Amino acid sequence: MSYSLSLTRFTGKLAVVTGASYGIGEEIVRTLVKNGINVAGIARSVDKVQEIAKQLSNEKGKLHAFKGDLTKQEDILSVFNEIDKKLGPIHVLINNAAVFPTTDIIDGDIEKWKSVLDTNVLAVAICIREAVKSMKNSNVKGQIININSTFGHRIYDVKGFQLYGASKFALTALTETVRLEINREKLPIQITSLSPGLVKTEGIKQTFGEEVVALLPRDIAEAVLYVLSTPEHVNVKELTIVSKGEN
């Protein structure tokens, strides 16, 4: 009996990707659209998402740009409502948006703390709630992928990243909590915590230097494809990937 991975069940369906304008989110969006998945890309920099959409206009899928500030509850609710009206039911949610403004705890900046927790934790929970509502209303066999981090599984002594790590530990717990809720409600939805090590984005290069040993955004996008390609009866609870040589 042969066993193969396939994206067929999501081809032509709708995926919502947060933080779609640059870095990992941009690469995920490009990869999904090239593989025939339609994408609603949410970002504050909606002009950038519209530019990416033009570049992808001849691909199998289509990218739709939506403006939204994930630190604002009303923005999240409004954009999901708009997506539902314009594009129909959500089949895939990829919670990618995250911030890491460097700040410690004992002498930290409270406004930066709020930004981290609002974006990395609260917004994820709201997006999950809204996506699951859409999936349930349309009897969709869906998939949720939370872009987590190895910072969500291990405490690193990296100055300025203390609350970021705490937010990612919260995301690890949140993902597993939702998985158990899904099981209890017997919903046909898979949920995955995808935890990369350092990824060579502009923010990471500015923090750790150009020569940092790190994954590429493309590596994360390929991992997303792997998760989406698994059969309906499989739930990848946690997928952790790091660059070769990374501690």
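A salt bridge is a side-chain nitrogen of Lys or Arg within 4 Å of a carboxyl oxygen of Asp or Glu. Arginine 129 and glutamate 130 meet this definition through their side chains, at 3.0 Å from N to O. The model is predicted, so local features need pLDDT of at least 70 and side-chain atom pairs count only at pLDDT 80 or more, while totals for chains, interfaces and linings use all residues. Residues are numbered from 1 along each chain as its sequence is written, and side-chain values use heavy atoms, with hydrogens and water left out.

Side chains of opposite charge can pair when their charged atoms come close. The structure holds 13 salt bridges. Arginine 129 is exposed, at 53% relative accessibility. Glutamate 111 and lysine 114 form another salt bridge, at 3.7 Å from N to O. These two residues lie 3 residues apart in helix 4, so about one helical turn separates them. Glutamate 111 is exposed, at 53%, and lysine 114 is partly exposed, at 45%. Glutamate 185 pairs with arginine 184, with the closest N and O atoms 3.9 Å apart. Here glutamate 185 is partly exposed, at 48%, whereas arginine 184 is exposed, at 58%. A network of salt bridges links Glu26, Arg30 and Lys48.

Helices (H or I, at least four residues) and strands (E, at least two) are DSSP runs, numbered from the N terminus. Helix 4 (residues 110-137) packs with helix 5 (residues 162-185) at an angle of about 15 degrees, and their axes are 9 Å apart. Axes are lines fitted to C-alpha atoms, for helices over the stretch in contact; angles run from 0 to 180 degrees between N-to-C directions. Helix 4 is therefore roughly parallel to helix 5 (angles under 35 degrees). Contact means heavy atoms within 4.5 Å. Residues of helix 4 in this contact include Trp113, Val116 and Leu117, and those of helix 5 include Leu163, Tyr164 and Ser167. By class, the contact has 13 nonpolar, 2 polar and no charged residues. Nonpolar covers Ala, Val, Leu, Ile, Met, Phe, Trp, Tyr, Cys and Pro; charged covers Asp, Glu, Lys and Arg; the others, Gly among them, are polar.

Threonine 192 lies in strand 6 (residues 190-196). Threonine 192 is buried, at 0% relative accessibility. Leaving out residues up to four places away in sequence, threonine 192 touches Gln143, Ile144, Ile145, Asn146, Thr175, Val227, Val236 and Lys237.

Notes. Parallel < 35°, antiparallel > 145°, perpendicular 65-115°, else oblique. Buried < 20%, exposed > 50% of the residue type's maximum accessible area, 1.4 Å probe, protein only.
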